[in-house]
Each structure stands twice: as C-alpha cells, then as structure tokens.
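Please keep the sequence and the model at hand while reading.

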Amino acid sequence: MITIKYTLPFLLSFLFIYLLIKYASKIAILDIPNDRSIHNDAIPRSGGIGFVSAFLISFMLIEFSLFMQHIYMFTAIAIIFIVGFFDDYKHVAPKTKFFAIAISTLFLYLDNIYINSLGIYFGFDATLLYISIPFTVFVVSGFTNALNLIDGLDGLAVGISIVILATFAYVGIVFDDELIFLLSTFTISVLVAFMLFNWSPAKIFMGDSGSLTIGFIISTIAILSIKHIHPVIILYFAAIPIIDTIVVMLRRINMKRSPFLADKTHIHHILHRFFGDTKQTAIFLILAQLIFCFLGYVVARHIEHYPNGLFPIAMIFTFFILIAMAYMVFTAILKKV
C-alpha cells in the first residue's frame, strides 16, 4: 500500500502529461511564443491538466476518507484548477481569477483553514479577529499569483515548488500532521513526473492550470502549518516567489507603471540575461530557495527558545532587508544587461 501511495500519483501524472504532449496540436494547447517568451518554438502548455488531475484522482483512490473529510478544501483546489484551465484556453480577466481565489478561500474557511493569528510577540497573540477572512484572501491570492509569475523558465516553478513542498512535508513529519504530509508528498510525486518533461529544453509548460493550482495548494499547506510553526517562518519557506513579486511590483511603481503590468523584469528574466543559460538560472534560483528553507528551519529552532522576545520581529525585519537588497542588486544587474 505504501508503494502504491507514492507511485500512483507519479505514474498517473507521467501518463497524463505524455498524452497531453502527444495530442497537444489536436486539442489546441500549444503555446505560441510572444515578446515575453524565452522559447522560440510552439510548446504544449497546460501541463497542469495532467498533474493536477493525477493529484486529485490519486487522493480520491488512496485517501478517500481523508478526501471526503476535507471535501471543502478539495473543492477549493478544483475551482482554482478549472479557472486556470480556462485561462490556458481562453484568457480569463485578472478580476475573474481574483474572484475565484476569494471564493476558493471561503471554501477553505468552511474547512476551518484560515489565518486567525500572526503569531505571538512579547507574550501577546496577534489575533486578526474580524479581518481574518479578508487577510487570508489577500495572502492566498498574493502567493497563488506569485508562483504563477515565477513560472517563466523551464523547470523553475516546478523545482522551487518541490523544494517548498519538501520542507512542508518535513513539518508534517515533525508534528505528526497527516494532512500536511500527504498534501505535500502527493503534490511532490505528481510534480516530479512533470519535471521530467518540463526541465530545459521543456517539452510542455505548466500553464495557469498548473501554476495557479500549485500556488493555491502551497498556500493551503502553509496556513495548515501555522498551527505548528510561527507565521514568520512561512516567509522563508516560500521566499523566492514572495521576494520576486514584491521586487517586481516595487520596480514598476518606482517607474510609475502599473504594478500588475506584465514585463520581462522578474528575477529569473534578469538572471537569464546574466547567465545566458536557462538551466543555470533555474538551478541557481532553486538552490536559493533551498537555502531560504534551511534558514526557515534555523529560524524555527530559535523561535522555539525565544518565542516571546524580539526574535520574531527581528526575523521579519531581516526578511524585508533581504527584499531591499534584492531590489537594489537586481535593479543594478538589469541596468547593466
């Protein structure tokens, strides 16, 4: 049973993605290059159709009781997947996507999955009270889109996601949380199969059906983890997508442009120009996320010993210093390249 649990998601994902690639032209899921593309040829998109379907089917078959116990959560994941699917085939307005994420977050709330506290500082619990639901919508929407935005190079989003999910799987093991562990490992399993096709040179892209759904799943796992770890640790566990999104938006605002206007000034775009190689850029950022996850682990260990002091605030302050440094360094590199 253990073997089936961890191989079925992989095998289904591999099979579905293989079929998507084979019949991509017949079902019209080819990504045509544009002025923001790194690739030059038409590549199948919507790989998320394959690995998200494998994730949901595997969970229903192997962990049916847990699936039914958290049916609201899986309904929320399915809503995001469907919206991403339609966005891959026919462009969906940003407002529509935000509305779908908001509705899905309400389904999470029905499953008692929401952010009700920002942690303990100097002995006081920073509870959110009446703003807990809108704050949860803001956080989930922010990170779901952050992962979507970093999906710009072969193997990048999937590699970073696997590192983040592996870290949360460890949290699930340490605190004996079955839901966190299974959500993380099942998602890793389907993503490993996808990575075999998505690593440079990619045979298929993730698409919004994949990136939005994975971003939402990671957001859900992060919220579930808050009952075990201090919220500040999540910043480090998911650092690269968060830093990239904030840095890009700050740069656009500084240039008096809309922070939501698409361009090629993301961290991975800048590093790709610097390295001149897709694999090197992806590996560099995946390793950077791995380092941040290790830093998060170190922070978690220290917060255990100093839960009521300055340490959590110092770690938040340190994270924003890292954002400021990233802004200055990557803006300087952008000007040079």
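The points below are grouped by topic.

This is a predicted model, in which local features need pLDDT of at least 70 and side-chain atom pairs count only at pLDDT 80 or more, while totals for chains, interfaces and linings use all residues. Residues are numbered from 1 along each chain as its sequence is written, and side-chain values use heavy atoms, with hydrogens and water left out. Helices (H or I, at least four residues) and strands (E, at least two) are DSSP runs, numbered from the N terminus.

**Cavity**

- Rolling a probe the size of a water molecule over the atoms shows where empty space is left.
- On a 1 Å grid over the protein atoms alone, a cavity is a set of points where a 1.4 Å probe fits but cannot get out, whereas a pocket is an open set with protein on both sides within 12 Å along at least five of seven lines; a lining residue has an atom within 4 Å of a point.
- Grid points are joined across faces, edges and corners, and a volume is the space filled by probe spheres set on the points.
- The count comes to one cavity of 30 Å³ or more, and the largest cavity has a volume of about 30 Å³.
- The lining of the largest cavity is made up of Ile80, Val83, Lys97, Ala100, Ile101, Thr144 and Leu212, and the elements that give two or more residues to this lining are helix H4 (71-89) and helix H5 (94-110).
- H5 gives the most to the lining of the largest cavity, with three residues.
- Five nonpolar residues, one polar and one charged form the lining of the largest cavity, where Ala, Val, Leu, Ile, Met, Phe, Trp, Tyr, Cys and Pro count as nonpolar, Asp, Glu, Lys and Arg as charged, and the others, Gly among them, as polar.

**Second largest pocket**

- The second largest pocket has a volume of about 740 Å³, and of the 35 residues that line this pocket, the closest to its centre are Ile226, Lys227, His228, Ile229 and His230.
- At least two residues of the lining of the second largest pocket come from each of strand S3 (117-121), helix H7 (156-174), helix H9 (207-225), helix H10 (231-237) and helix H13 (278-305), and H13 gives the most, with six residues.
- By class, this pocket lining holds 20 nonpolar, nine polar and six charged residues.

**Backbone geometry**

- Most residues other than glycine have a negative phi, and most peptide bonds are trans.
- Ser200 and Pro201 are joined by a cis peptide bond with omega of about -5°, and Pro201 is placed in the loop between helix H8 (178-198) and H9.
- Asn112, in the loop between H5 and S3, has a positive phi near 60°.
- Asp176, in the loop between H7 and H8, has a positive phi near 50°.
- Asn112 counts as exposed because its relative accessibility is 58%, where buried means under 20% relative accessible area, exposed over 50%, and partly exposed in between (1.4 Å probe, protein chains only).
- Asp176 is likewise exposed, with a relative accessible area of 68%.

**Helix pair H2 and H9**

- The axes of helix H2 (residues 47-62) and H9 come within 8 Å and cross at roughly 40°, with axes taken as lines fitted to C-alpha atoms, for helices over the stretch in contact, and angles running from 0 to 180 degrees between N-to-C directions.
- Gly48, Ile49, Phe51, Val52 and Phe55 of H2 make the contact with Ser209, Gly210, Thr213, Ile214 and Ile217 of H9, where contact means heavy atoms within 4.5 Å.
- The residues of the contact of H2 with H9 divide into six nonpolar, four polar and no charged.

**Individual residues**

- Ile49 of helix H2 counts as buried because its relative accessibility is 16%.
- Leaving aside neighbours within four places in sequence, Ile49 is in contact with Leu20, Phe81, Phe85, Tyr89 and Ser209.
- Ile49 and Met206 are 157 residues apart in sequence, yet their C-alpha atoms are 8.5 Å apart in space.
- Thr136 lies in helix H6 (residues 132-149) and is buried, with a relative accessible area of 1%.
- Phe107 lies in helix H5 and counts as partly exposed, at 24% relative accessibility.
- Phe107 and Tyr72 are 35 residues apart in sequence and 5.3 Å apart in space, C-alpha to C-alpha.
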